[in-house]
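Open the model in your viewer and keep the selection tool ready. The tour goes from one selection to the next.

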Amino acid sequence: VLGQVVRLRRARHQPPRERAHGLLVDTVDRFLGGSIPGPGSSCVDAQSNTMHCGRCDNVCAPRANATPVCNMGSCDVRCGAGFAECDANPANGCETDTTSSALHCGACGRTCTAANATPSCVSGTCGFTCSAGFGDCDMSPGNGCEANTNTAIAHCGRCGNACPAPTGGTATCAAGVCGTSCPMGQTLCGTACLNTQTDAMNCG
């Protein structure tokens with residue numbers, strides 16, 4: 001059968017054969033000096049057998065976080081759940097934990113990114129932690145932590161904390177603290193900006 005490794009017991013007087021009709025022939029008596037102990041022959045599929053991958057006795061070695069496999073006569077690995085071979089180096093097996101790697105989150109090459117934040121990967125899903133002074137106030141992961149809570153009037157100090165504007169003036173946010181601004185010549189009296197030079201109720 002094509003693609004199989006054949007171990008063949010034969011009499012010493014027969015001429016050796018190394019290859020015939022696509023079969024690989026391991027002449028056991030050649031390696032053991034004519035002494036053939038035990039059963040004399042066995043056939044394995046060299047295309048898929050991990051102990052004889054591509055040729056007799058070519059063992060596919062175990063690798064980290066993986067199960068060795070023989071694929072079409074070449075040793076390869078089958079990664080365990082939550083791991084992947086992302087660096088194209090079979091020697092170190094399935095080196096990447098795709099459940100926690102922000103560079104390979106859920107799959108090789110799937111990088112977690114987020115504006116104004118530290119990206120993370122939890123259970124194969126990207127996430128992030130906002131940097132100080134920023135917040136994800138629109139709850140849209142695609143734009144990360146879009147709000148500057150140090151200066152955003154609608155999210156001053158924290159998401160949703162809108163600064164009220166006084167009558168006749170404007171609201172401000174500085175260092176995460178709400179404030180107000182009145183036009184030149186006016187003063188904040190309660191919740192309104194007034195001209196204390198002319199307002200009879202707030203004179204002076």
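Select Cys112 and Cys126: the link between them is left-handed, with -80° about the S-S bond. This is a predicted model. The two sulfur atoms lie 1.9 Å apart and form a disulfide. The pair connects distant parts of the chain, with Cys112 in the loop between E8 and strand E9 and Cys126 in strand E10, 14 residues apart. Cys112 is buried at 5% relative accessibility, whereas Cys126 is partly exposed at 41%.

Cys145 sits in the loop between strand E11 and strand E12, so the pair ties together parts that are 15 residues apart in sequence. The S-S torsion is about -85°, so this disulfide is left-handed. Cys130 is partly exposed at 28%; Cys145 is buried at 0%.

Next, select Cys182 and Cys193, another disulfide, with sulfur atoms 1.9 Å apart. Cys182 is in the loop between strand E14 and strand E15, and Cys193 is in strand E16. Cys182 counts as partly exposed at 23%, and Cys193 as buried at 7%. The whole structure holds 11 disulfides.

Cys43 is exposed, at 53% relative accessibility.

Move to Thr96 in strand E8. Thr96 is buried at 9%, and its contacts include Phe83, Cys86 and His104.

Finish with residues 1-38, where pLDDT stays under 50. For the protein, the mean pLDDT is 82.

Methods
Residues are numbered from 1 along each chain as its sequence is written. This is a predicted model: local features need pLDDT of at least 70, side-chain atom pairs count only at pLDDT 80 or more; totals for chains, interfaces and linings use all residues. Side-chain values use heavy atoms; hydrogens and water are left out. pLDDT is the predictor's confidence in each residue, from 0 to 100. Contact means heavy atoms within 4.5 Å. Helices (H or I, at least four residues) and strands (E, at least two) are DSSP runs, numbered from the N terminus. Buried means under 20% relative accessible area, exposed over 50%, partly exposed in between (1.4 Å probe, protein chains only). A disulfide is a pair of cysteine sulfur atoms within 2.5 Å. Lists of a residue's contacts leave out its neighbours within four places in sequence.
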